[in-house]
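I opened a new model today and kept notes while going through it. The entries below follow the order in which I looked things up.

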Amino acid sequence: IEDIDFLAQPAFALCGDGQLLAFGQIRPRADYHHLARLVVAPELRGQGHGSRLVQALIARYPKANGFSLYVYRHNQPALRCYQRLGFAEARDPEPGPPGG
């Protein structure tokens with residue numbers, strides 16, 4: 001809980017049928033919002049839960065100027081998911097260590 005700054009950063013869980021499907025946080029950055037710690041339960045990946053999570057997170061902040069996220073290049077399923085949702089590769093406007 002301390003490592004992910006759980007008490008200070010908004011955190012959200014996507015649940016269904018009594019189980020945790022996915023988890024994510026939103027961190028304010030400059031004039032936009034950063035989606036962080038996006039995780040789908042490994043045994044449930046490839047079923048659209050990542051897309052549902054990201055869409056739900058974005059819907060929580062309708063007045064945001066934009067959203068960002070980090071993803072490893074080798075994580076092709078996640079890259080495809082985020083690209084389908086309209087994300088594109090860009091330079092980080094706030095350089096520093098990734099992981100936010």
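Entry 1, ground rules. I take helices (H or I, at least four residues) and strands (E, at least two) as DSSP runs, numbered from the N terminus. On that basis I find two helices and four strands in the protein chain. This is a predicted model, where local features need pLDDT of at least 70, side-chain atom pairs count only at pLDDT 80 or more, and totals for chains, interfaces and linings use all residues. Residues are numbered from 1 along each chain as its sequence is written, and side-chain values use heavy atoms, with hydrogens and water left out.

Along the sequence I read the pattern β-β-β-α-β-α. I call a residue buried under 20% relative accessible area, exposed over 50% and partly exposed in between (1.4 Å probe, protein chains only). By that cut-off 31% of the 100 residues are buried. Contact, in these notes, means heavy atoms within 4.5 Å. Of the contacts between residues at least 6 apart in sequence, 47% join residues at least 24 apart.

What is the strand order? I get an open sheet of four strands, ordered 1-2-3-4, with mixed pairing; two strands pair if DSSP finds at least two bridges between them. Strand 1 (11-16) and strand 4 stand at the edges with a single partner strand each, so one side of each has no neighbour in the sheet. The twist averages 30° from one strand to the next, with axes as lines fitted to C-alpha atoms (for helices over the stretch in contact) and angles from 0 to 180 degrees between N-to-C directions.

Strand 2 and strand 3 run antiparallel over seven bridges. They form a hairpin with two residues between them, and Ala30 in the turn has a positive phi of about 50°. On the other pairing, strand 3 and strand 4 are parallel over three bridges. There I noted His34, whose bridge partner in strand 4 is Ser68.

I looked up His33 in strand 3 (residues 32-40); its bridge partner is Pro28. Is His33 buried or exposed? His33 has a relative accessible area of 17%, so I log His33 as buried. Leaving aside neighbours within four places in sequence, the contacts of His33 include Ile26, Tyr61, Phe67 and Ser68.

The buried residues of helix 1 are His49, Gly50, Ser51, Leu53, Val54 and Leu57. Their cover includes strand 1, strand 2 (19-29), strand 3 and helix 2.

In helix 2 (residues 76-84) I list Ala78, Leu79, Cys81 and Tyr82 as buried. Seen down the axis, they fall within an arc of 160°, so they line one face of the helix; the arc is that of the directions from the helix axis to the C-beta atoms. These buried residues pack against strand 3, helix 1 (49-59) and strand 4 (67-69). The face turned away from the buried side carries the exposed residues Pro77, Gln83 and Arg84. After helix 2 comes Gly86, with a positive phi near 100°.

Cys15 is exposed at a relative accessible area of 51%, whereas Cys81 is buried at 9%.
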